[in-house]
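Please examine the sequence and the three-dimensional model shown below.

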Amino acid sequence: MAQIVLPKVTIPASSSVTSTAPGNELIGIHNLSLFYGNARALKDISLSIRERLVTAFIGPSGCGKSTLLRCLNRMNDLIDGVRIEGGVHIGGHNINDPDVDVIELRKRVGMVFQKSNPFPKSIYDNVAYGLRLQGMKARSDLDAAVEVSLSAAALWDEVKDRLHGSALGLSGGQQQRLCIARAIAVKPEIILMDEPASALDPIATSRIEDLILELKKNFTIVIVTHNMQQAARVSDHTAFFYMGELVEFGATSKIFTSPGQKRTEDYVTGRFG
Amino acid sequence: MKASLDELSRPSRHFRTVRFDFVSFFFTGLTGLATFLILAILAVILANILFNGLPGLSWRFVSTIPKKDFFDPATTGVLPMIIGTTFRVLVMTLFVIPVGVTTAVYLTEYAPASALVTRIIRAAVNNLAGVPSIVFGLFGLGFFINFLGRNLDALLHNPGPVWGQPALIWASLTLAVMTLPVVIVATEESLKAIPPGLREASLALGATKLETILKIVLPQALPGILTGGILAVSRAAGEVAPILFTGVAYYMASLPHRLNDQFMDLGYHVFVLSTQSPDIEKTRSILFATVVVLLLLTFTLNFVAVLIRSRVRKKLRSLA
Amino acid sequence: MGIHRGHRARPFEWLAEKTIFLVSLSTILVVFLIFLFVAREALPVFLGRMSSALIQPAIPVAEIDRHPAKELCKYLGLTPEQFAKMDRETLKELLQVKIEAQEEIPSEFRSDPDALANTTLWHYLLRPHQWTGYTKPSFIWQPVGQIKKYNLIPLFVGSLKTTLVGLLFSVPLAIGAAIYVSQLARPRVREIVKPAIEMLAGIPSVVVGFFALLVMASVLQSLLRYETRLNAFVAGLALGFAVIPLVFSIAEDALTSVPRSYTQAALALGASRWQTAWQIVLPAALPGVFAATMLGFGRAIGETMIVLMVCSASVLSWSVFDSARSITTTIAAEMAEAVSGDAHYRILFMLGALLFAATFFSNLIADLVIHRLKRRLEGKA
């Protein structure tokens with residue numbers, strides 16, 4: 001067997017789990033299994049996601065990382081024939097309980113998608129959409145909230161002069177930051193990001209990554225990524241999935257420097273995936 | 001093995017430069033001829049009608065309410081027919097657009113794809129599209145007039161038939177039933193063209209399904225809905241068979257102004273002029289002119305629909 | 001977290017969803033109602049409960065009490081509600097009217113065996129019958145006059161004749177054009193032909209009928225020198241104009257949905273464009289072409305105004321250069337004269353029901369065939 005080659009990644013000091021104490025558990029996943037018809041896409045997954053930290057889901061395509069992410073705001077409900085066993089607890093409540101209002105849940109668990117998907121409306125209306133859904137009508141309230149959200153998404157300076165121009169006129173990276181602004185405008189506790197930078201160029205990607213590090217001061221972030229370096233750069237905890245199973249979960253520094261499992265090591269060093 | 005492969009590849013070393021393939025040439029020509037013939041048919045029909053009809057067309061002709069004898073080229077006009085046709089298709093849209101759009105929304109946004117009820121609805125839509133227009137006429141007579149209308153009269157204790165007789169409303173409803181598939185198919189097409197990511201984004205922000213449909217999906221689909229509506233209108237404007245027993249009148253002295261009035265109609269007028277004229281040569285000019293008016297009406301509508309559709313398709317392509 | 005509200009928290013959403021579902025069921029309801037109400041009006045004929053005999057056994061006024069109410073009701077042609085409202089004197093008067101009506105029948109029919117015949121029975125509707133004054137059994141549709149003859153065969157033949165001419169003319173043209181446009185021609189041609197075909201589809205059938213009647217009929221007669229100016233041939237050609245756009249679009253759709261990889265593979269092997277179209281694409285799309293023909297059949301047999309305007313004589317003849325009266329024409333032309341509820345009216349509705357059934361099945365078959373073709377080409381079967 002060849003000697004183990006450590007990946008050349010630098011772990012930002014701020015995200016080292018040992019230097020900042022981990023937050024309290026916010027999301028608890030307990031023995032979660034998910035079936036598409038008879039096929040089991042997720043097998044018996046248990047893990048704990050902590051408050052105001054960034055948790056990354058990594059693994060090869062089809063390993064179930066995005067599926068698990070979509071369990072956290074029940075977007076899988078939209079797919080026919082999906083069945084879930086086990087529980088996902090957010091703040092102590094099982095979100096799969098029959099009396100849970102999935103609409104309320106999604107207001108608290110925001111999501112950013114792989115492909116930026118701004119509505120074909122103005123920049124302003126994109127950010128205000130979720131707020132209006134919640135009944136905010138006063139122009140001054142909306143104006144303030146839009147500015148705060150766009151600033152938090154590091155987009156305000158670029159778009160403040162054309163707030164009422166079409167969102168589709170923005171560049172890919174700007175569109176994705178607009179989607180982040182739209183998600184944080186409704187003040188969720190958790191933001192789910194499904195490969196948010198996979199369609200972007202390196203510069204736009206690095207801006208998104210900076211943004212994630214900034215946002216974690218206020219939000220709990222779960223990010224799915226296939227980019228190993230990205231996971232290493234932005235996350236505090238990393239979960240590695242393979243074929244629908246959770247192979248290893250722990251502090252990012254540990255996963256990338258001294259993984260406990262052979263499969264994790266092979267993956268993070270680029271032997272397969 | 002090697003030797004035989006060499007043999008196989010030998011003939012292809014030289015390209016034959018000139019080889020006249022008669023069969024291909026012949027059949028390409030034949031199918032091309034078929035295409036040309038269809039275009040020629042269209043051109044001949046339109047040219048003939050325009051050539052004969054345009055001279056008879058005048059402002060007086062389209063703005064005159066004719067007397068009882070509308071076969072006289074000097075005094076006749078088609079204003080009541082234009083108004084009758086317009087009214088009947090407008091009233092039709094009031095019924096067919098809401099029902100058609102709602103059905104399309106159900107089929108694309110709510111219906112479980114494999115469920116039996118979804119398949120039955122789809123089969124019903126397809127079936128409806130193939131029902132002969134005269135059968136819709138019979139349905140209108142049997143259901144709307146003889147069943148709904150007469151029972152309504154009985155319910156309201158009307159002394160004579162008020163609703164239980166041919167009327168604008170019944171003709172419009174009959175046409176609405178007939179054009180339902182047109183609206184459903186066009187709306188569905190435009191709903192399917194909306195990227196699913198937009199719906200997901202809205203739902204992930206905590207919008208309900210209904211809010212997502214009303215605020216994101218339908219505004220996006222509006223041009224497609226419009227196209228469906230216009231296509232339905234243009235199809236209905238030219239149909240005569242469904243209104244024969246449900247509302248059209250041979251002659252009316254006044255314009256229709258109530259829903260239970262009968263009405264005159266452009267298409268039916270073309271039928272009357274061309275089959276019941278006392279002297280076909282004398283009425284030739286007004287006959288062709290009436291046809292031109294009818295064609296202008298349906299073609300303008302079709303043209304607008306095609307224009308909207310192509311603009312929407314371009315816009316959607318640029319989004320994707 | 002205040003997420004525990006449950007779906008009952010949104011009654012409006014729930015209500016809207018149910019409403020949308022119910023509205024979409026209306027399409028099923030409409031198809032069902034069409035069948036129900038067209039068939040309902042025709043039911044007495046289907047069940048043989050109609051009587052069109054000219055001479056009927058009369059019930060003398062004095063015998064009013066000898067017959068049960070139900071029989072009287074049927075004899076007088078009243079609904080039970082109407083019957084219940086009438087007093088004894090009115091009923092007697094009605095019986096008298098009935099007897100007087102019978103007495104008014106011209107004397108030459110009193111000894112005519114046909115006057116006793118109920119011509120709405122299946123036997124008279126479908127088989128030839130030797131009517132009084134005729135030398136041999138014949139198929140006759142003659143719904144006016146004292147003795148009404150409702151033989152449907154001349155109408156079936158009329159519909160078939162015009163439809164066949166229409167399909168023989170339009171299907172090869174439309175499919176040839178579909179092959180040309182989708183496989184052989186440059187893409188520019190397609191951009192011209194498709195809108196033109198849509199335009200042809202946009203011409204109302206009453207305009208096509210008018211064109212056939214005023215222009216085509218005379219031109220064709222001077223060219224082919226047949227006797228009857230307005231005949232099934234002219235009507236069939238005009239029907240073809242209406243069918244071409246439909247057959248073309250469906251066939252073109254089926255041909256273009258054959259994956260490009262098929263054609264590219266054939267072309268790479270050195271086949272010409274025509275060989276590829278004929279040997280590879282057409283066989284793969286054949287079910288779609290068949291379905292297009294079926295839909296064209298449904299469209300042609302259901303078309304009303306064109307045939308109505310071009311020809312209308314109901315004499316049975318297989319020659320396409322004779323006139324013909326189709327099923328649709330008969331309904332359109334005669335419904336206005338038919339008295340609501342009488343035999344003629346009900347037989348016209350029965351024709352409508354038959355037409356509905358014929359198009360229903362041809363559309364169903366086409367639908368199934370297209371569905372299976374799409375699945376096969378998408379590799380799902």
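The report below treats these topics in turn.

This is a predicted model, in which local features need pLDDT of at least 70 and side-chain atom pairs count only at pLDDT 80 or more, while totals for chains, interfaces and linings use all residues. Residues are numbered from 1 along each chain as its sequence is written, chains are lettered from A and ligands numbered from 1 in the order in which they are written, and side-chain values use heavy atoms, with hydrogens and water left out.

The mean pLDDT (the predictor's confidence in each residue, from 0 to 100) is 87 for chain A, and 91% of its residues score at least 70. Residues 1–22 of chain A have a pLDDT below 50, and this stretch makes 31 contacts in the model beyond near neighbours in sequence. A contact means heavy atoms within 4.5 Å.

Chain C is divided into three domains, with bounds from an automatic or database domain assignment.

| Domain of chain C | Residues |
|---|---|
| Domain 1 | 8–37 |
| Domain 2 | 56–104 |
| Domain 3 | 154–377 |

Taken over C-alpha atoms, the centres of domain 1 and domain 3 of chain C are separated by 35 Å.

A nonpolar core is a set of buried Ala, Val, Leu, Ile, Met, Phe, Trp, Tyr and Cys residues joined through side-chain atoms within 4.5 Å; buried means under 20% relative accessible area, exposed over 50%, and partly exposed in between (1.4 Å probe, protein chains only). The largest such core has 228 residues, and Ile27(A), Phe57(A), Ile34(C), Ile203(C) and Phe210(C) have the most contacts inside it. Helix 9 (residues 232–256) of chain C supplies the largest share of this core, 15 residues. Helices (H or I, at least four residues) and strands (E, at least two) are DSSP runs, numbered from the N terminus. Not counting residues up to four places away in sequence, Ile34(C) touches Leu128(B), Val135(B), Phe136(B), Phe139(B), Val177(B), Ala39(C) and Phe356(C). A second, separate core of 48 residues includes Ile58(A) and Val247(A).

Chain A also holds an open sheet of six strands in the order 6-7-8-3-9-10, with mixed pairing; two strands pair if DSSP finds at least two bridges between them. Strand 6 (109–112) and strand 10 (245–251) of chain A stand at the edges with a single partner strand each, so one side of each lacks a neighbour in the sheet. Strand 7 (residues 190–194) and strand 8 (residues 220–224) of chain A run parallel and are joined by five bridges. Met193(A) has Ile223(A), in strand 8 of chain A, as its bridge partner.
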